[in-house]
Amino acid sequence: MGRFRVRPGEPVPDDTGCGMLHVDMDAFFVSVELRTRPELADKPVVVSGGGPRAVVAAANYPARKFGVRSAMPFSTAKRLCPHLINIPPTSGLYSSVSRGVMGIFRELTPLVEPLSLDEAFLDVSGALRRLGATPASLGAEIRSRVAAEHGITCSVGVAKVKFVAKLASGMAKPDGMVVVPAAETLAFLHPLPVSALWGVGARTEEHLRRLGLATIADVAAFPPERLKKSLGVAAGEHLYRLAHGVDERAVVVDSPEKSIGAEHTFDVDRHDRASLALELLRLSERVGATLRERGVRGRTVSIKVRFADFRTITRARTLVAATDVAREIHAVAVALLTEHAPTGAVRLIGVRVEGLDTGEAGEQLVFESPAPRWRDAEVAADVARSKFGSAAVRPASLLGPREHGR
């Protein structure tokens, strides 16, 4: 299976037709807590209530070497690893980080199916041409941004179908990526044990082994009518199709998108408020363009500021009328930063527009306004960028020194 893993500096397997990604955070709850306790990174750590009836919510990889697993009673985990370190869960922290991670996914594609706080399927098939990317490059971008913006790692599986993408992400752990070329799906699947098939639990695995079926290749070669007779028509047909790499499930978006945002993590912490305001402009441009592309507007603008110690604040303001204009979004974002963000070294800054609608209620009209039609200018810029690339039109303040002199 090693040939499917993407390693730095090595060629990426052919990902043509592999529009399905499965992204899974590594030891999510523990990883979130260890961001502010790096001295514990190499020690066995769990997140748990710690009481006599508590269970392990998550275990880091050093703890897993002792057999400690999530959902295990904490008392059992402590017996397996007497020097185990327990961190009590922090209320609200994990859902906050999860929203940020899912926000990264939705910046790349609207087709996101969260399975839990720490994993999701993404269908990037329609986003590839728009972003000028490949599935593997999007997987790499996700891994890089999750690490930079949230201080945790994730593993990514890239494949043609859901079932294979999820298997691939599991094999990529921790902190890796596995790409299964569409043409090599069966070569990837067939050596795996029958327990790897989606829906095969302990009882079904035992039943399959009584039939002499130990690997997925065995299931694929088994007469389908005998399989259906032994397991039932639905289950037999389901496993037979999976064994042949057939999984027609599409990504199911859980609910209409409620917000659109963009964030940036600085390579070096920023103190200067002028440079932060400039970054807010760049992010507002991205958010405004995405809003217009998706045909929605929002009434609430919020900013997120994460400081060097990972302390994070969010502040929001609701507008009189919904907008998709970057200049308006930026003005509110800068005001929020000026009025509410304390001074200090900033690690990450973000802008988000919430309360989305399609704007079918119409645009609020302002008569005899001397203000320029900023939305018209931004729409014209959208058209130019779609034809000539994302750098074709930008605000002058975002141009580099050399570009200013052209």
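1. Strand β1 (residues 20-25) and strand β6 (residues 119-123) pair in the antiparallel sense, and five bridges join them; two strands are said to pair if DSSP finds at least two bridges between them. Within this pairing, D24 has E119 of β6 as its bridge partner. The strands and helices named here are DSSP runs numbered from the N terminus, a helix being H or I over at least four residues and a strand being E over at least two.

2. Before going further, please keep in mind that this is a predicted model, in which local features need pLDDT of at least 70 and side-chain atom pairs count only at pLDDT 80 or more, while totals for chains, interfaces and linings use all residues. Residues are numbered from 1 along each chain as its sequence is written, and side-chain values use heavy atoms, with hydrogens and water left out.

3. For the chain as a whole, there are 16 helices and twelve strands. Of its 406 residues, 43% count as buried, where buried means under 20% relative accessible area, exposed means over 50%, and partly exposed lies in between, with a 1.4 Å probe and protein chains only. Among the contacts in the chain with a separation of 6 or more, 65% come from residues 24 or more positions apart; contact here means heavy atoms within 4.5 Å.

4. What is the order of the five strands in the open sheet? The order is β5-β6-β1-β7-β8, and the pairing is mixed. Because β5 (112-116) and β8 (177-179) stand at the edges with a single partner strand each, one side of each is left without a neighbour in the sheet. From one strand to the next, the twist averages 15°.

5. Helix α7 (residues 162-172) lies across β1, β5, β6, β7 and β8, and runs at about 145° to β7. Axes are lines fitted to C-alpha atoms, for helices over the stretch in contact, and angles run from 0 to 180 degrees between N-to-C directions.

6. UniProt, in an unreviewed entry, lists E119 under "active site"; such positions are given in the numbering used here, feature names are shortened, and annotations may be inferred rather than shown by experiment. E119 is found in strand β6, and with a relative accessible area of 15% it is buried. Leaving aside its neighbours within four places in sequence, E119 is in contact with H22, V23, D24, M102, P114 and K166.

7. The unreviewed UniProt entry lists D24 and D118 under "binding site". They span 95 residues in sequence, yet no two of their C-alpha atoms are more than 5.9 Å apart, so they gather at one spot. D24 has its place in strand β1, whereas D118 lies in the loop between β5 and β6.

8. Are D24 and D118 buried or exposed? D24 counts as buried at 14% relative accessibility, and D118 counts as buried at 18%. With neighbours within four places in sequence left aside, D24 is in contact with D118, E119, C154, S155, S169 and K173.

9. Two packed helices are described by the angle between their axes and the distance between the axes. For α4 and α6, the angle is about 150° and the axes are 10 Å apart. The contact is made by V97, G100, V101, I104, F105, E107 and L108 of α4 and by L138, E141, I142, R145, V146, E149 and H150 of α6. By class, this contact of α4 with α6 has eight nonpolar, two polar and four charged residues, where Ala, Val, Leu, Ile, Met, Phe, Trp, Tyr, Cys and Pro count as nonpolar, Asp, Glu, Lys and Arg as charged, and the others, Gly among them, as polar.

10. Finally, L93 is found in helix α4 (residues 93-108) and is partly exposed, with a relative accessible area of 23%. L93 and V32 are 61 residues apart in sequence and 8.1 Å apart in space, C-alpha to C-alpha.
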